[in-house]
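Subject: Structure handover

Hello,

Here is the structure for you to look at. My notes follow below it.

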Amino acid sequence: MSQHAKSDPHTTGNASAPSASSNGAAPNGTAATRPEPTAADIKRWRQYLADERAEAAVYRDLAQNRSGEERAILLALAEAEGRHEAHWLKLLGEHAGKPRHASFRSRLLGFLARHFGSVFVLALAQRAEGRSPYTREPSATPAMAADEQIHEEVVRGLATRGRNRLAGTFRAAVFGANDGLVSNLSLVMGMAATGVGSGVVLLSGISGLLAGAFSMGAGEFVSVRSQRELLAATRPTQVTLVAAPQLDIEHNELLLVYLARGMSREAAEHRVAERMGLFTCDCDPSLSLHPELPETEDEHEAVGTAWGAALSSFCFFASGAIVPTIPFLFGMTGIGALIVAAVLVSIALLATGGTVGLLSGTSPLTRGLRQLAIGLGAAGVTYLLGMAFGAVIA
């Protein structure tokens, strides 16, 4: 998934590197003389080599924190990167020299994988795999370019598992922090624009923090609890196991149960016959649906728990809402306090937006700038409205 080095325009064609399909052999099978690589070739290939080594280490480090199937997948990815490393070693030959430093992105991934091993690393790895230069690199084989494209989908699948595990509580945390930042900055700037004293602005900010945090926590609790209850209400019960023996076979209501659950008539009739004891064999496993059996996995995992979402939302809203009040807590007043508050909130908005971008596999910078524009836009409008109301009251 090397993405640091770029193709040199002087290496296209047959000028400096073997064809991607020749692998150093002539068409008739005899050994071909490989052109001497240029200095630009050597530099580029050595960077590819360093990146492949670093990225293989990333996957091995991630595998140490995984087990079962995920561990096997990560080790297989590391093995594939090792094959790419061998390709560049073969091309370089005696020019391999001392190991070079990997690109900054690869080193950052390695650091995160060794110390955290979280879904963030997989999200970054997904982006790196998608930006591989091998499709434009004449010295890389078509198989290597295809590997990198497949690796992106493999890492995307692994990252998706982590995103699903984080979805409920993380959603509440991110939205809570963002709401706290934007709403309290808007409140503080709106109050300051009316011309009231800094003490009133500070008290307004603290009041907004408490009111918003409790509101967000209560809202998330009700929202997630209601969603889980709604999902639980749709899950089939065990009633068909109890009532089936007493049903009138001539007026079998059990068929209606399975039809209502979305089964085809053929599947529903087959299932009814099993429940009524008319079938003792599993004649067609594709028709033997068992919606009554308990599931081994929590179907509400992506929703999160009500208390977890509420607590997360409360804490992160409060942590976001406290930021605009920091300069006032330290005794700053006037325009200076508002500028410091806006700068602090801007940094936090860039961080929350970038985090969402990383987890969603998109550009963290784009998401961060979008969050920044929305937050400062809302605060700016509130400030103007505060000035207008202040002038009217005065």
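This is a predicted model: local features need pLDDT of at least 70, side-chain atom pairs count only at pLDDT 80 or more; totals for chains, interfaces and linings use all residues.

Residues are numbered from 1 along each chain as its sequence is written, and side-chain values use heavy atoms, with hydrogens and water left out.

Aromatic pairs

Searching the whole structure gives six aromatic pairs. Rings of Phe, Tyr and Trp (its six-membered ring) pair if their centres lie within 6.5 Å; planes under 30 degrees apart are stacked, over 60 edge-to-face, and the rest tilted.

Trp88 and Tyr134 make a tilted pair, because their planes meet at 50°, with ring centres 5.7 Å apart. The two residues are 46 apart in the chain: Trp88 sits in helix H2 (residues 68–92), and Tyr134 in the loop between helix H4 (119–130) and helix H5 (142–193). Helices here are DSSP runs (H or I, at least four residues), numbered from the N terminus.

Trp88 is buried at 0% relative accessible area. Tyr134 is buried too, at 2%. The cut-offs are under 20% for buried, over 50% for exposed, and partly exposed in between (1.4 Å probe, protein chains only). Ring pairs join Trp45, Tyr48, Trp88 and Tyr134 into a cluster.

Phe214 and Phe314 form an edge-to-face pair, at 5.0 Å between centres and 65° between planes. Phe214 is in helix H6 (residues 198–234) and Phe314 in helix H10 (residues 306–321), so this pair ties together parts 100 residues apart in sequence. Phe214 is exposed at 54%. Phe314 is partly exposed at 27%.

Helix H2

H2 has 25 residues and spans 37 Å from first C-alpha to last, close to the expected 36 Å. The expected span is 1.5 Å times one less than the number of residues. Its buried residues include Leu74, Leu77, Glu81, His84, Trp88 and Leu91. Residues three or four places apart in an α-helix point the same way, because there are 3.6 residues a turn. Gly93 follows H2, with a positive phi near 60°.

Surface patch

Which residues form the nonpolar patch on the surface? They are Ile206, Leu210, Phe214, Ile322, Leu329 and Phe330, with about 600 Å² of accessible area together (Shrake-Rupley, 1.4 Å probe). Patch residues have over 30% relative accessible area and no salt bridge, and nonpolar side chains (Val, Leu, Ile, Met, Phe, Trp, Tyr) are joined within 5 Å. A salt bridge is a side-chain nitrogen of Lys or Arg within 4 Å of a carboxyl oxygen of Asp or Glu. H6 gives the most to the patch, with three residues. Ile206 is in H6 and is partly exposed at 33%.

Best wishes

Notes:
Patches are made of residues with over 30% relative accessible area and no salt bridge: like charges are joined within 9 Å, nonpolar side chains (Val, Leu, Ile, Met, Phe, Trp, Tyr) within 5 Å.
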